[in-house]
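User: Please examine the model shown below and answer a series of questions on its fold, core and side-chain contacts.

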Amino acid sequence: MMKVVCVESYGGPILWKDVERPRLPHEDDALVATLNDYLQQGRVVAGMLILEVKAVGISFADNLGLHGKYQVKAPLPVIPGAEAAGIVKTKASHVSMYELGDNAGVILPWTTGTCAEEILLHERQCVKLPESDSQQMLIDFVALGNN
């Protein structure tokens, strides 16, 4: 189990919730999971990786979204967050751009759910980050720079 930040009603309390961790499938597994599916099915496919989140940005758009006032209303429950940085914890086959332990960041549409201990991504959604303080720098640039 892992923790996520979520709201179950717009304008309601922000909760810590236990959910299943994403897992990598067997190579013959034909299930195509999206980030939203992983909460229900906990599966990924070839070319995907699991990012252990070390930094997350919470922006004005997240605040609006948690109150149901953002231009796009996500289905409830909502896990906020559109940007995150961390390290590649696990990867499926055909992941060619990342090795285990690499620093990576991601900038996604709102309600993708980056406020979690681990997130499921395709390698093409990520950007490789240098070794230094790049995780926090990415979050500062994206979350604070967009407001």
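Analyst: Buried means under 20% relative accessible area, exposed over 50%, and partly exposed in between, with a 1.4 Å probe and protein chains only. This is a predicted model, in which local features need pLDDT of at least 70 and side-chain atom pairs count only at pLDDT 80 or more, while totals for chains, interfaces and linings use all residues. Residues are numbered from 1 along each chain as its sequence is written, and side-chain values use heavy atoms, with hydrogens and water left out.

User: What percentage of the residues in the chain is buried?

Analyst: The chain has 147 residues. By the accessibility limit of under 20%, the buried share of these residues is 46%.

User: In what order do the elements of the chain run from the N terminus?

Analyst: Helices (H or I, at least four residues) and strands (E, at least two) are DSSP runs, numbered from the N terminus. The chain contains three helices and seven strands. Their order is β-β-α-β-α-β-β-β-β-α.

User: Which residues does Leu49 contact, leaving aside its neighbours within four places in sequence?

Analyst: Contact means heavy atoms within 4.5 Å. With neighbours within four places in sequence left aside, the partners of Leu49 are Val88, Thr90, Lys91, Val95, Tyr98, Ile119, Leu120, Leu121, Glu123 and Cys126.

User: Is Tyr98 buried or exposed?

Analyst: Tyr98 is placed in the loop between β4 and β5. Because its relative accessible area is 3%, Tyr98 counts as buried.

User: Which backbone nitrogen does the side chain of Tyr98 reach at 3.3 Å?

Analyst: A polar contact is a pair of N or O atoms within 3.5 Å; within protein, one must be able to donate a hydrogen and the other to accept it, and residues adjacent in sequence count only if both atoms are side-chain atoms. A polar atom of the Tyr98 side chain lies 3.1 Å from the backbone oxygen of Cys126. The nitrogen reached at 3.3 Å is that of Lys128.

User: How far is the charged end of Lys128 from the centre of the ring of Tyr98?

Analyst: A charge sits over a ring if NZ of Lys or CZ of Arg is within 6 Å of the ring centre and within 35 degrees of the ring normal. The charged end of Lys128 sits over the ring of Tyr98, and its distance from the ring centre is 5.6 Å.

User: Which backbone nitrogen lies 3.3 Å from a polar atom of the side chain of Thr114?

Analyst: Thr114 is found in the loop between β5 and β6. Thr114 is buried, since its relative accessible area is 0%. Its contacts beyond four places in sequence include Val53, Pro80, Glu83 and Ile119. The backbone nitrogen at 3.3 Å belongs to Ala82.

User: What is omega at the cis peptide bond of Pro77?

Analyst: Pro77 lies in the loop between α2 (60-66) and β4. The cis bond joins Leu76 and Pro77, with omega about -5°.
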